[in-house]
Structure formats: C-alpha cells, structure tokens
Amino acid sequence: MTIAALTYRHVDDATLLPLDHESTPNWWFGCPYSKSSPPPTPGRMFHAGTICIVPVGLPARGKTYMSKKLCRYLRWLGVKTEVYNIGTYRRKLFGANLPHSFFDPGDREALEKRRIASQAAFEDMLSFFDKGGQVGIYDSTLTIMEEKRRELLDRLTPLNVQVIFVETICEIPHVIEANVREVKLNMPDYEGWDEDKALDDFMRRINIHAPFYTPINDSSLSFVQVMNMGIESNIGEHIVCNNVKGYLQTRMVLFLMNLHISPRTIYLLKNGESVPGACFKDDAPLNADGVALARKLPSFIAALRARTNRHPASPKIFTSTRSRSYQTAQFFPPECVTSKAPLVQMNPGAIEGMSDDAIRAKYPEEYARHVKDPFNHRYPRSESYHDLALRMEHVILELEGEKEDVLVIAHETVLQCLYAYLMDLGEKDIPRLQIPSNTLIELVPQAYGTRETRYLIE
Amino acid sequence: MTNHKLACVMVGLPARGKTYIAQKICRYLEWTGTSCRVFNVGQYRRKTAGTNCRSDFFDPKNKDAIALRQEAASMALADMMTWLFQEDGCVAIYDATNTTHERREYIMGVCKENHVDVVFIESICHDPDVIINNIAEVKISGPDYAGMDPEVATEDFKVRMRHYESAYETISENDLAFVKLINVGSLVIVNLIKGWLQSRIVYFLMNLHTQPRRILFSRHGESMYNLKGLLGGDADLSPRGHLYAQSLPSVIRRALGGSADADNLTVWTSTLKRTQQTAAYLRYPKLAWKALDELDAGVCDGMTYEEVEAKYPEDYLERDADKFRYRYRGGESYHDLVVRLEPIIMELERQRNILIIGPQSHGVPAVAPPESEKLKVVTVQLQRLDKNGEAKGAPIQHRILPSANVRHFRALVARQMRISPRKLKLRVTDKWTGRQEYMAADDDMKLVSYYNLEDGQVIDVLDA
C-alpha cells in the first residue's frame, strides 16, 4: 500500500474546507452545503452560515446601542459583522433636520421615503453577504410593524439567511427619558436645538410610533425579547428566547445577559520589564526597573483615583499567570488580584526573538503570508492574534459583566487585543497598535464610544 | 473560584427531565473545576418513607404523607447547606419537583439566611410523546417500581403525575432569579440572572438537546516523536501511524453502523500535523481547532521523560503530586487545558455525531469522569526482591495517579531503586486471580490504571 503525498492547506481555526472535486487529490473533502454555495472564506466561523439580526423596538429602547455592542463582540470573535442603521441612510438621502411628522408611519409619503432608505440599506447588506460577510445587523425603527418583519423574513429566507429578531422592551418612563438625554440629543438630527425642546420633539417621535407597534408573538420565529434595557438596570434582567438555535445565536444571548451600562473604568498596563534575553517559555521574573514600577504603582493609582473621584483606592486587578505579570501587581492587597491563564501573551512559536529580517530570511513564504493578513496568520507552532482573541473571550465576557473598575496587567499582544475591543477598532489595526511601557491607559466606556486618557508613570 | 455559594433549584412536574438536567449541569461544572453536587430529594424520601410509595402517597390530601415529604425535603436542604459550607462546595443542585409557591418560599428563606444565591430552573413540557418517553426510559426502571409490571407501573405513575398537576404552580414570582426551559429548550425565559457563573449555566442549558448522538474519540496515529519517546513537537505520522489513518474509515463506519444518521458525522482535529494526517482519509466535513492542540509542555517540549526528570527533578515530582494542576515551565497545566477546551465543549453539546482526533492529554479532561471514577491517588508499596525472590529491605511507599504513564512510572522507580531502566522489572499480582503480570517495558503509553492498582498493593521490583 503506497502512502500518497498528502498536501496540507493552511487551515484557519474552524474553517470549513471546500469540496474540491476538480483539483488533484485533495484529502480535505466534505461540505454539507450544495456545490453552488461559495467556498468558505476566512471570517466565517463555526459553520454557522449567514445570519441577520433584526433589533425590534420603539425609539430610545437601546436598539442601536445593542447593535453596536453586538457588532463589536462578534467582530472580535473573528466573525465578519456589519451594522446597517436605516437612520444613517435616511440622513444621507433626506437630510437631518426633519419635523417629527416625517416619522409618522401613517404618513404615506414619508413612509415611502423611509422605505427607499431601508431598501438601500437592505441591498448593501445583501452585497455584504455575497462578499463573504456572515452577520448583518439591520437596525430600523419600522420593524415594529408586523408586516415589515414578515417582509424581511420573506426576502431573506430564500437566500438561506437565518433571521433572528431581538426585541427590546422598556416601559419605565424615567429610564426612557434618561436614555433619550444621554444618547438621542447628541444625534445630528438635533444639532443646535435647545435641550428641552429636543427632548419634547423626540418623545413625540416615540409616541407617533407607538400605535403601530406590534410586539412579536409568532412562536415560529426565532426571537429574543429583552426587557428593561436602561441606563440604571442590568440589561439582561428578563430575557425570553424562542427557537434560538445555533452557536452564534446562543453566544449572542450569553453576551446580552452580561451587558450593563453602569459606569465603570478599565485601566490597561503593560507588564514590568523582565530579565532580558529570556525566551518565551522561561518564566522570567521582573528586573530592577520592573520592580521599581511595581513599587510605584499602588500609590500612583490611589492618587489618580482620588483626583478623578473614584472609589475604592485600588481597583480589581487581572494579571496573567506569568511571573512578570503578577509580580507587577505584588504591592497591591492580594485579595484584589486575580491571575488568569487566558491573559498569557501570544505564543511566538518558531519565530521567537527573531527580528523581521531574520524571519524574512528563514521563513520567506510565511512572512509574505503574514504581511497579507497579520491578524489571522500563524507562524509555525505559534498563535495568531485570532487565536489569542478566542482564548481571551472568557475574559472579555467577564469584563463586560464586571461592574467594578478593573486594572489589567498583561503583555503587549494581549493589551493590543483588549484595547482594540474596547475602542472598537478593526482587526487589521490590532497588530499595529503601539502600547508604550510605563503608561497607564484609562478607558471609560460610554454609550456610543470609549473615552481614553493616558498617564505616564514617572 | 469565588466565595459565592450558588444553589440551583429544579422545578417541574415529574418526568420533565429535571434530574437529567441537574446531572448535566453538575458534570459540566465539575469539569470546569467548580465543585458541584446534586441533592435529589427523591432519594431522601425513599430513605424516610421506603421505596413502595404508590400514587396515593403523593395525593395532596394525604396529610401523613405530606409530613414525610416535608421531612425529606428539609433533610436534603440541611445536607446541602452542610456540603456548601463545611465541605467548601460551590454550586449545589436541589433536585425535586418544588411545584408550589410555598415550597419555593421555604427554600428561598433557608438560602437567604445562609447567604446563598438561588436560581430556579423550571422544566416545562407540553409534548405528551416526550413525557411518555421519559416515563418509559427512566421512571419505570427506577427504584420506586422495581419488580412491577411496566404497564401497571406506568398507570400508577400517571396517577402520581395527576396529583402533582392538581397542585402545580408555575413560577410567576418576578423577584426570583429563574430560568424556564419549555419544550426542551425551544422557548427559554431568563429572569434576573446575574454574574458570570449563572449566565454560563444558562448558556449551557440553552445548548443542550436530547437527540441521540455519538461522540467518538481517537488518538492521532503514532507520530515520529512517539517513536523516540519525545514530548510535544509537531511531528509527522510514522509508517504505523499512516496505516492507522488508512484503517480509520472502516472502523468509523462500523462504529456508527446501523444508526439512523450514520452519515451525519463531523470530524474535529487540531492544527498539529499528526491529527490532520490521521484524518486525511476520512470523507466527512472536517474542522481544525487550535484549542484541540496538545498540552503545551513548555521548556520540556522535545525532550523525553527521562531528560525532563534529569533536568528538572523537582518539577518531575511536583507533577506526580498534582498532575491536574501542575503547569510545565512556560507551558500549561491540565486545568489550563480545561479552560482552553471549554468553548469546544459548548459546541460539542450542540452537535450530533462527532469524531474528535486529538492527543493523549485530551482523553482525560474531555471525557468528564463520573463521580466514582475520579482520579484517585493510589499509594503502592514497592518491594525490592533479590535474585532468589526474597524481600530485600523494607517496602517503599509510592504515590501514583492511576492515569500516570507507565514509562514515566518505570523511570521514576528505576531512579529511586538505582536500577537501570532496561533491567527493571515490575511485577504486579492481581488480588483476585493471583495472576502475576509484568508491567510492559515496550508498551510505554499504556496507563498504569490498566493494571488495576489499589491502595496498599505491593509491586515487586526485580533486577533482571
């Protein structure tokens, strides 16, 4: 029995390899989908197929906030995700300064205009799926109407797109008002308006939509109902999931259960310097400079937090399980510090300690592939940023659910990933991020973005 | 993990799958390293009232029976509290019907007093076929109906269910933290779930299904590193390994054989060449996972066990003492491996038939061991025998984990006894059959548990 030459393809994490009858013996067979479906591209994960997430709810219920958060989380998992906000399209086509009567779903003309905007967004979403996108979030207010939902379903199901509705319900007036003040009044629609008048106008906009709102009650649909989404409450207070099947869909529900909008701060700090020349696998301790940094840390942070009115003086600390990481936190009270294995730096594998030129000389093909796709590419025996991100997902979810302030002390590669997640940067930016030493990065997540400040530790 | 104690309280009519769900959660949490235990009130009730309870025992109008049932419930609750606080448990699962507001209030009261968080898990099923199936599979063969005619038993059980149904109050208290699983998870209602652990449990529950499926495990074929006895690395398969890969398809076909969805199989491999080469001849959809890679041996990668022992002797003994938590320098521990494998386990729960081709280290964590077979440390006595077969010197105590590697064990013993590993012979006498067997010198990957070692067993050490 001869053993034929086996050709190996570079396999990305959990990518389904295509059916390839035409080419020479390729041992990677098997594709449960028809031959006419496009070959899988990187970014399609867990053989989940294409998904369209449709947020449903009256204005100021947190649809757009939730869409952005979900988009960020899914992108970070390596899933190609895009948000299609109909409001943005409407603003492009018809301008921002519109009377609230424009938003009356009973007004035929206005509805027609909004339909044009929705159609434009819908077509963009379809071309996104064609180009290999996996999750599209279709954020429109008009989905409160049963017929619009049915229309969406009828158009997407023949294209093999799984549709899942996420309905946000909130009936507490002061929560709605707080949402509006925090978020809506900064919209381009209300630029230059007096705050109270803007609030009044927006509340009228909500009330205009109210009679046309039909909550989802069709049990054949796949939907999630989230109640009481507001600034003060825990987002996942009461959730109903009907027919939610699929890895990404259940993952999304897990994410929603951990979301909250309570204000808190996240600090990022690079590990102290360790003994030079040590290889990745040697668990090298801090050198003198590193220990000096560790000594300065508690007082520096206490002073900073006192200045910025935060309590308590020392936040929760997450470090990795390597010496130089938890030794940087050694002068804090031990009950604040937790070592987490997923925060260990990215494994450099075969290219450890090599300069760019050395890598180019030794692994020219790998280097070329790395330059093309630094986020997904793995050097021999090493991890890619994507692997690192997956590994850290545990920590990311914990961070999302954490209501207290947290300081994360880890290696540069890990901080690049965390920073990119919190600042909503694309995966292409991650490998190029610079995280300087001896600098404390303070991130304050807010409704639609994150505020960043950097402090140099003298 | 944390100091917060959690009690998961099952709620639901009989034959709704409460015990099944409780066991699943328990196994999942134990596997991730959170101590978990199920307290089944039915077992306590059998202790107080015997196993011959017929349906009239469960009649809500039967006052004496009610007193006995309440007693059983309180005993179970008391034991639960003892386990949580004195044996440092983390999550306790209280498995009973708990179908009345009153009972649930009572449980909440006790838990609040002791500062234990409570999550109610209610299982509701409207499909009569599923219920009848549950009764047939689980209840009739249970201890309550031992030796009875199945039809009589089924009728009696149905009457019992009707008694429960007449008093059933589904959870409507919105200030309680609960999860309602309706119709095997097609509708899930989550209320007031807080924190990492609770959301993780709910997520796990959402991914469960009760459809039959099989999980097949295979180690990768012999690799070039295995031949040389080296750890780690990314070696190709040896010729024997290739033969194994070629014979895999027929083995799999035989294993899946007559089952209805024999063709519905997914193959999972790791990113290491040896697993991918082992799967090369399989014509099923394949997925490669980084998370299934071999345990990272850190600085010991590429060394033999003897070299590791020579270079890092303290580490070698430390590994023996607590193999689960021991972390190779610059590498991982089994516990890290468990964390790494967790997303895979979730995906596994969702799948139908699946074949996992992985390295040896994955056999232990991936297959959650039932309670009785948990890794036990066994202390054996090594007795050195001289050329005439007589005992030479006092026996030496040696602690080993049943999952330890034979080669590793032999190397250790050789070092301790100052015998050359090639000349060392270890003889094990089976306690029941009296048969004597020599621990294989060449089959080095065999587990020590193969020899069924027990605490205090004497192993003869011979110098051939």
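**Notes on the predicted model**

1. The side chain of A:Glu412 meets that of A:Lys270 in a salt bridge, 3.6 Å from N to O. A:Glu412 belongs to helix H14 (residues 412-422) of chain A and A:Lys270 to strand E7 (residues 266-270) of chain A, so the pair ties together parts 142 residues apart in sequence. A:Lys270 has a relative accessibility of 17% and counts as buried.

2. A search of the whole structure gives 23 salt bridges over all chains. One of them joins A:Arg72 and A:Glu400, at 3.9 Å from N to O. The pair links distant parts of the chain, with A:Arg72 in helix H1 of chain A and A:Glu400 in helix H13 (residues 393-401) of chain A, 328 residues apart. A:Arg72 is buried at a relative accessible area of 11%, and A:Glu400 is buried at 3%.

3. In chain B, a salt bridge forms between B:Arg104 and B:Glu173, whose closest N and O atoms are 3.4 Å apart. Here too distant parts of the chain are linked: B:Arg104 is in helix H4 of chain B, and B:Glu173 is in the loop between helix H6 (150-166) and strand E5 (178-182) of chain B, 69 residues away. B:Arg104 counts as buried at 0% relative accessibility, and B:Glu173 counts as buried at 18%. Back in chain A, salt bridges with shared partners join A:Lys69, A:Arg72 and A:Glu400 into one network.

4. Chain A is divided into domain 1 (50-258) and domain 2 (266-347 + 383-456). Their contact takes 16 residues from domain 1 of chain A and 18 residues from domain 2 of chain A. The C-alpha centres of the two domains lie 34 Å apart. Between them the domains bury about 1,700 Å², 60% of it on carbon and sulfur atoms. On the domain 1 side, A:Arg72, A:Trp76 and A:Asn258 lose the most area to domain 2 of chain A, together 43% of what that side buries.

5. How many salt bridges does the rule find across the interface of domain 1 of chain A and domain 2 of chain A? There are 3. The rule also finds 5 residue pairs in polar contact across this interface. Helix H1 (63-76), helix H5 (173-183) and helix H7 (247-258) of chain A each supply at least two residues of the domain 1 side. The largest share of that side, 7 residues, comes from H1(A).

6. Chain B has 15 helices and 15 strands. Of its 464 residues, 53% are buried. Among contacts in chain B with a separation of 6 or more, 69% are between residues 24 or more positions apart.

7. Helix H3 (residues 63-86) of chain B has 24 residues and should span 34 Å at 1.5 Å a residue; its end C-alpha atoms are 34 Å apart, which agrees. At its start, a side-chain oxygen of B:Asn62 reaches to within 3.4 Å of the backbone nitrogen of B:Asp64. Just after the helix, B:Asp88 takes a positive phi of about 55°.

8. The buried residues of H3(B) include B:Ala72, B:Ala76, B:Met80 and B:Trp83. Among the elements covering the buried residues of H3(B) are strand E1 (6-11), helix H2 (41-49) and helix H4 (101-113) of chain B.

Note on methods
Residues are numbered from 1 along each chain as its sequence is written. Chains are lettered from A and ligands numbered from 1 in the order in which they are written. This is a predicted model: local features need pLDDT of at least 70, side-chain atom pairs count only at pLDDT 80 or more; totals for chains, interfaces and linings use all residues. Side-chain values use heavy atoms; hydrogens and water are left out. Helices (H or I, at least four residues) and strands (E, at least two) are DSSP runs, numbered from the N terminus. The expected span of a helix is 1.5 Å times one less than its number of residues. Buried means under 20% relative accessible area, exposed over 50%, partly exposed in between (1.4 Å probe, protein chains only). Contact means heavy atoms within 4.5 Å. A polar contact is a pair of N or O atoms within 3.5 Å; within protein, one must be able to donate a hydrogen and the other to accept it, and residues adjacent in sequence count only if both atoms are side-chain atoms. Domain bounds come from an automatic or database domain assignment. Buried area is the accessible area (1.4 Å probe) that two parts lose on being put together, summed over both. A salt bridge is a side-chain nitrogen of Lys or Arg within 4 Å of a carboxyl oxygen of Asp or Glu.
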